[in-house]
Amino acid sequence: MQEKLLEKFKELFGADGEIRTYFAPGRVNMIGEHTDYNGGHVFPCALTIGTYGVVRKREDNKLRFYSMNFENLGILESSLDDLKPDPAADWTNYPKGVIWAFGEKGMKITQGMDLLLFGNIPNGSGLSSSASVEVLTGYILKDFYGCDVTNQDIALIGQYSENKFNGVNCGIMDQFAIAMGKKGHAIFLDTATLEYTYAPIELKDAKIVISCSNKKRGLGDSKYNERRAECEKALEEIQQFVGIKSLGDLTEEEFEKFKSAIKDEDRVKRARHAVYENQRTIKAVEALKNNDIELFGKLMNESHVSLRDDYEVTGIELDTLAEEAWKVDGVIGSRMTGAGFGGCSVSIVKNDAVDTFIEQVGKAYEEKIGYAADFYVVEIGDGPSRLA
Ligand code: GLA
């Protein structure tokens, strides 16, 4: 595949100069959803699918971008003097946002680039194709342009660009999971402190299966920012009574004690999810440490129910995927993953049940929703790297 990308690059941009190839993964979150902007824990991992980038530095300030996923858009051109979000710039707002954010952080980029991308993450699936492009761009600026940053810096700058350039108030989970990914491991990250540990995911007789609802969504047009605002308001209300910094500071018992401070029923539900989901994530990682995969799966299921009933970010497509999964023998746990409102679910499925799972859930989904879901058996991979 790399050969094909390089060939296309040369055809579009010419063959001269130093041309490099990079890769950044996508991510799936195992548990800990909508906790990252509430000072809670998350438990994502990087995947072996992701975004490939072929790149050359330019002597002038031009930026020329081409995606093999959106060939109809052709080459999208802009310049380092014009780093402003622009709807017509489409997906190139992600690399442009990162280049802009490096400048904001004191690392002004003065040489343009030719960049060709190809992603094998299904677009808009909730597996963070956009964060993958952001981290890829940041890694290119580090490795090729010589910017003095760590992978953790790349995650933070990526999030900054998403917040300030692309207008989505996302938390740190996606960029962190991608920039810091480690083969065979999930990352147990405390988003309040950015302390993290790697936990091996050893599923000897089971696999991670992603079910993609094929319901398209963009974070910007979802209710993502609204949920975030609801949680911030609920936190303010609780802070009238107790000195906490975030909802992630509360145990379930403390939440039950202080919840009457929240003056709106919907906000109580949102905050309840944030608090309980954070505690669930801590318990799930503990269960994994104790090799109690059954308990881990049960907590995944509970996570989905909370996202469905309290956080209200699932919708009929993701509910159908999870609820049909729960009916299949050999499913250890299943839940929506990512922001919700479409996108994917993640399931842990015993090896000998994977085929039945795909057939049974696929059939029920198509009957109920009217179009097909797609299924991917995935592997946990490393963070970004230079390939050639
Ligand atoms: C999106 C955001 C993340 C996180 C998840 C929900 O993926 O980018 O920061 O909030 O939704 O857990």
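Okay, let's start at Ala234, which counts as buried, with a relative accessibility of 0%. One thing to keep in mind as I talk: this is a predicted model. Where does Ala234 sit? Its place is in helix α6, which covers residues 224-239.

So what does Ala234 touch, once we leave out residues up to four places away in sequence? The answer is Ile262, Arg267 and Ala271. There's also Lys263, which is 29 residues away from Ala234 along the chain, and the C-alpha atoms of those two are separated by 8.2 Å.

Two of those contacts, Arg267 and Ala271, belong to helix α8, and that brings us to how the helices meet. In general, two packed helices are described by the angle between their axes and the distance between the axes. For α6 and α8, the axes come within 9 Å and cross at roughly 95°. Angles from 65 to 115 degrees count as roughly perpendicular, and α6 and α8 are therefore roughly perpendicular to each other. If you want to find this contact on screen, look on the α6 side for Arg227, Glu230, Cys231, Lys233, Ala234 and Glu237. On the α8 side, pick out Arg267, Arg270 and Ala271.

Now follow α8, residues 265-289, towards α9, residues 293-309; in the loop between them you'll find Asn291. Asn291 has a positive phi of about 60°, although it isn't a glycine. Is Asn291 buried or exposed? Asn291 is exposed, with a relative accessible area of 66%.

There's another residue like that, Asp90. Asp90 isn't a glycine either, and it has a positive phi of about 50°. You'll find Asp90 in the loop between β5 and α2. With a relative accessible area of 37%, Asp90 is partly exposed.

In which order do its strands run? It's an open sheet of 6 strands, and the order is β5-β4-β6-β3-β1-β13, with mixed pairing. At the edges stand β5, residues 76-79, and β13, residues 385-386; each has a single partner strand, so one side of each is left without a neighbour in the sheet.

Helix α2, residues 93-104, packs on this sheet and touches β4, β5 and β6. The direction of α2 makes about 145° with that of β4, which is residues 62-67. Then there's helix α3, residues 129-143, lying across β1, β3, β6 and β13. Helix α3 runs at about 145° to β1.

Let's zoom in on one pair of strands. As a reminder, strands of a sheet pair through backbone hydrogen bonds, either parallel or antiparallel. Strand β3, residues 44-57, and strand β6, residues 113-119, pair in the antiparallel sense over 7 bridges. To see one of the bridges, go to Thr51, whose partner in β6 is Gly119.

Last bit: the whole protein. How many helices and strands are there? There are 11 helices and 13 strands. The C-alpha atoms fill a box of roughly 65 × 50 × 40 Å along the principal axes. A compact globule of 388 residues would have a radius of gyration near 21 Å, and the protein has 21 Å, which agrees.

Of the 388 residues, 60% count as buried. The protein exposes about 15,900 Å², and carbon and sulfur atoms supply 46% of that. Finally, take the contacts between residues at least 6 apart in sequence: 72% of them join residues at least 24 apart.

Note on methods. Residues numbered from 1 in each chain as written. Predicted model: local features only at pLDDT ≥ 70, side-chain atom pairs only at ≥ 80, totals over all residues. Heavy atoms only, no water. Pairing = 2+ DSSP bridges. Helix = DSSP H or I, 4+ residues; strand = E, 2+ residues; numbered from the N terminus. Contact = heavy atoms within 4.5 Å. Axes fitted to C-alpha atoms, helices over the stretch in contact; angles between N-to-C directions. Rg over C-alpha atoms; globule rule 2.2 N^0.38 Å. Buried < 20%, exposed > 50% of the residue type's maximum accessible area, 1.4 Å probe, protein only. Areas by Shrake-Rupley, 256 points an atom, 1.4 Å probe, with all protein chains shown as cover. Parallel < 35°, antiparallel > 145°, perpendicular 65-115°, else oblique.
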